[in-house]
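Please keep the sequence and the coordinates at hand while reading.

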Amino acid sequence: MSSENLPQSPERPESPEQQRRKPRVAVVFGGRSSEHGISVVTAGAVMKAIDRTKYDVLPIGITTDGRWALTADEPERMAITDRKVPDVAQLAESTEGSVVLSVDPGSREVVYSEPGSVPKALGEVDVVFPVLHGPYGEDGTLQGLLELSGVPYVGAGVLASAVGQDKEYMKRVFLSFGLPVGPYEVVRPREWDRDPSAVRKRIVDFAGEHGWPLFIKPARGGSSMGITKVDGIEGLDPAIEEARRHDPKFLVESLLRGREIECGVLEFEDGPRASVPAEIPPVTAHDFYDFEAKYIDSATGLVPAPLTEEQTAEVQRLAVAAFDATSCEGLVRADFFLTEDGTFVINEINTLPGFTPISMYPRMWQESGVSYQELVDRLIQAALTRSTGLR
């Protein structure tokens, strides 16, 4: 079947009112994952960067218990303060009111309701800019809702978002496309629940083959939350407990000795392009580049990375290949190790990477000639011109 015959979302003629008004961008943030606070910080940065002469902005925060809340358009309140990340509940205009997006693809209407009050129509949304990290937002669930609603959105679609969130299947896709992946083991919930001793033995055998230390991490986490570096068998159970606190499925990875290199991918009219790469230098105050180092202590990388021209070209090639392998759209940050033998190994991709002005993805594109404001605008414009449905 040709692409011309694929079913698409119904085209809706624009009303005179739609033709007159500015496109309306709903920035959706917060969410139910452990990355809730970082999502709020990211949303504040994005809202500041949106050109208000071109767009109207509707901030919608999702609380930790899943309620969609109307929040004030006050990005200055959405920053890390005194080493504490913000929370949607602190920003919501009401503790009981909720926002509902119509799942009628002919509507795109947003409605606000409070108990005992008549629901209030807030008008239509033209595009959603999701800045949710982790499960229930970055994993294809929100994207599925937006597909049902017929509302265009920034970033990867349902499948790419799901694959990009689940590190097991991400690695399986990479391997199927011939991309280099480091040694790893996957432990699923039933395996651990059925026979923890057998799982421990498998991990110890893995360490016997690849050496300590190991990294134990949630399979569907992000922002380096729940990851523990384990130097020996005595640290195994606490690390597993910490990973399972974030996700019942977890990964075991061997230490790849070398340099941490990142590369951004952005979709242009003629296809995806890679940014200049960055390097995450060793963080002396931390065992590895963990959540505290990234967001609280603001450890920064080197942009551009001190690589040869050949190394730069290779990591850019691999980053775009990873983008294509997972059928991504919009943006991706691809993370690599440059091993001691000079080989690049892909660690993971992030379909909604950290997006504050000091985050690595925007910094790489700043160095590549695309400012933070231009980056935000390009992503919104690309989403506005892209249909929902099969594509």
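A residue is called buried under 20% relative accessible area, exposed over 50%, and partly exposed in between, with a 1.4 Å probe and protein chains only. Helices (H or I, at least four residues) and strands (E, at least two) are DSSP runs, numbered from the N terminus. The model is predicted: local features need pLDDT of at least 70 and side-chain atom pairs count only at pLDDT 80 or more, while totals for chains, interfaces and linings use all residues. Residues are numbered from 1 along each chain as its sequence is written, and side-chain values use heavy atoms, with hydrogens and water left out.

Strand β2, residues 56-62, is mostly covered, with six of its seven residues buried. It belongs to an open sheet of four strands, ordered β3-β2-β1-β7 with mixed pairing; two strands pair if DSSP finds at least two bridges between them. At the edges lie β3 (68-70) and β7 (127-130), each of which pairs on one side only. On average, neighbouring strands of this sheet are turned by 30 degrees against each other, direction ignored; the axes are lines fitted to C-alpha atoms, for helices over the stretch in contact, and angles run from 0 to 180 degrees between N-to-C directions.

Strands of a sheet pair through backbone hydrogen bonds, either parallel or antiparallel. Here β1 and β2 run parallel and are joined by seven bridges, with Gly61 in β2 as the bridge partner of Phe29. β1 also pairs with β7 in the parallel sense, over four bridges, and Val128 in β7 is the bridge partner of Ala26.

The loop between β1 (24-30) and α2 (36-49) holds Glu35. UniProt, in an unreviewed entry, places the feature "active site" at Glu35, Ser223 and Ser359; its positions are given in the numbering used here, feature names are shortened, and annotations may be inferred rather than shown by experiment. Glu35 counts as buried because its relative accessibility is 4%.

The helix α2 has 14 residues, which at 1.5 Å a residue should span 20 Å, and its end C-alpha atoms are 20 Å apart, which agrees; the expected span is 1.5 Å times one less than the number of residues. Because 13 of its 14 residues are buried, α2 is largely enclosed by the rest of the structure.

Ser359 is found in the loop between β16 (344-350) and α12 (360-367). With 10% relative accessibility, Ser359 also counts as buried.
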